[in-house]
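Here is a short briefing to read alongside the model. Take a moment with the view below, and then we can walk through it together.

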Amino acid sequence: MKPLLTLFALLLTTTPLIAAPPARPNIVWIIVEDMSANFSCYGEKTIQTPNVDQLAAQGIKFTNAVVTAPVCSAARSALIAGTYQTTIGAHNHRSGRGKIHIILPEDVTLVPTLFQQAGYLVNNLSVSDFLRTDAQVKKNSTVKSAKTDYNFDHDDSLYDTTHWTQRQPNQPFFVQIQCHGGKYRGIGNGPKWPATAKKTLGSNVSPDDVTLQPYLADDPVIREDWAQYLDTVRYTDHEVGQIVARLKETGNENNTLLFFITDHGISHVRHKQFLYEGGIHIPLIIRGPGIKAGDVRTDVVEHIDLAATSLAAAGIDIPDFMFSRNILADNYQPREFAFSARDRCDETIDHIRSVRSTDFKYIRNFLPNRPYLQPNAYKDHKPIQITMRKLHAEGKLNATQELFMAQTRPEEELYDLKADPFEINNLAQDSAYNAQLLTMRSALENWMETTQDQGRTPESMQQYDSDMNVYTKGRANKTDEESNSNETIRNIQLMKQWAQEGK
């Protein structure tokens, strides 16, 4: 009997009667600032982006991903809450910073807190902090939180201060990595960024090689700016390569679910801050355990879907308050529409909503009597904006380029994205598209109602003044910003005047 007992004991030690549950994956969000889907895997021809392309080849590439807001603080507020910024009152850019604060509803728990409660170590890091070597971490394992830019009060404990490589044994991590992206080129066309890009990448994109959208003037200033922007895309691709290499070096490449997105589109004339494709269409790539390599998804998804998808992958229940959806669920039913909203950006008051399907875009301008290019100190000092205004004044823009220089807007815009990807031909008054118009108009009205869109009520002047007091002081305290601060104050006065006039 002894040999049988010995064999039985051996079986117990080598073949467990109940299989151990699979380890929870690590979750990494790479979030890039001010960048559209100008990567070669998305069709960009001027440059090559091998590292992002490799992520796409190893995972799922989404071709119709959009952000729910075309400006950083509103988009980031929505992302980290997993719900629409308009639902939680975080829709006005850089709001809740003054004496009047924005407090989240009691039932809203932010994504990092949910991961912490589930036992994850949670970091929010710059690229350099994420890439710290073992020697650097040994010397200092404490990290500071990178960019948040949330429009509501949140506790400092939202993120852990211990570097992800120093977590407890078998503890998974959830890390957001903030890439500077399109912001590397600064306000535009200065010599510092091209020198940095050339030093790191070995070359610069030539302005002669870029292809501009038809609504942009073919001008040397705009060509130079777009070339510098494409170098930021190349630099971002370089950073992605470093991030993946660090995960591999630490033995975490194969057990990490990695999400790659941008926070909104490029900061340009009609891109960032607006609901055209240049403002809201973003890259989204997911790679990691259980992900089919080389898959391409064409259904519309929203950037807030990262929340539910990540929580589900970690085995964490998705809260009822979230409008985020698990886009990797076996029973996932694709969205018919994705929704986006633009509200106040800095001092500039606006109110725009959009509905996007795979084929069509509907935009509703709630302030049609205002120009597209309302005064905005942040954008008005960019060489691209100055150049477009100058060429407009000189009568040198063609009909397509003049569209965005109009002093008023149509109440509704409808575009066939397949036939008209640059959104030039507004079909809202074309009777052949009346059924499509009515469908999308109805979808928007239903969305605003069911999600309790707080933008339907104008921001109070008390809240506006509270936020603008902080904003103007911040600009005045920056080097060479005094004139910009004075300009902002004049813009604020104009915004109030227009509001009183019902414009």
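What share of the accessible surface of the chain belongs to carbon and sulfur atoms? In this predicted model, carbon and sulfur atoms hold 51% of an accessible surface of about 22000 Å².

**Overall build**
- The chain contains 16 helices and 12 strands.
- Along the principal axes, its C-alpha atoms fill a box of roughly 100 × 50 × 50 Å.
- The radius of gyration is 24 Å, which agrees with the value near 23 Å that a compact globule of 503 residues would have.

**Packing and contacts**
- Of the 503 residues in the chain, 56% are buried.
- Counting contacts with a separation of 6 or more, 76% are between residues 24 or more positions apart.

**Charges**
- The chain carries 52 positive and 60 negative charges.

**A look at H271**
- You will find H271 in the loop that runs between β5 (256-262) and α9 (277-280).
- H271 counts as buried because its relative accessible area is 1%, and the cut-off for buried is under 20%.
- Leaving aside residues up to four places away in sequence, H271 touches Q213, Y215, W226, I266, G278 and G279.
- To see this spot for yourself, centre the view on H271 and bring up its contacts, among them Y215 and W226.

Key
Residues are numbered from 1 along each chain as its sequence is written. This is a predicted model: local features need pLDDT of at least 70, side-chain atom pairs count only at pLDDT 80 or more; totals for chains, interfaces and linings use all residues. Side-chain values use heavy atoms; hydrogens and water are left out. Helices (H or I, at least four residues) and strands (E, at least two) are DSSP runs, numbered from the N terminus. The radius of gyration is taken over C-alpha atoms; the globule rule is 2.2 Å times the number of residues to the power 0.38. Buried means under 20% relative accessible area, exposed over 50%, partly exposed in between (1.4 Å probe, protein chains only). Contact means heavy atoms within 4.5 Å. Accessible areas come from the Shrake-Rupley method with a 1.4 Å probe; for residues, only the protein chains shown count as cover. Lys and Arg count as positive and Asp and Glu as negative; His and the chain ends are not counted. The place of a charge is taken as NZ of Lys, CZ of Arg, CG of Asp or CD of Glu.
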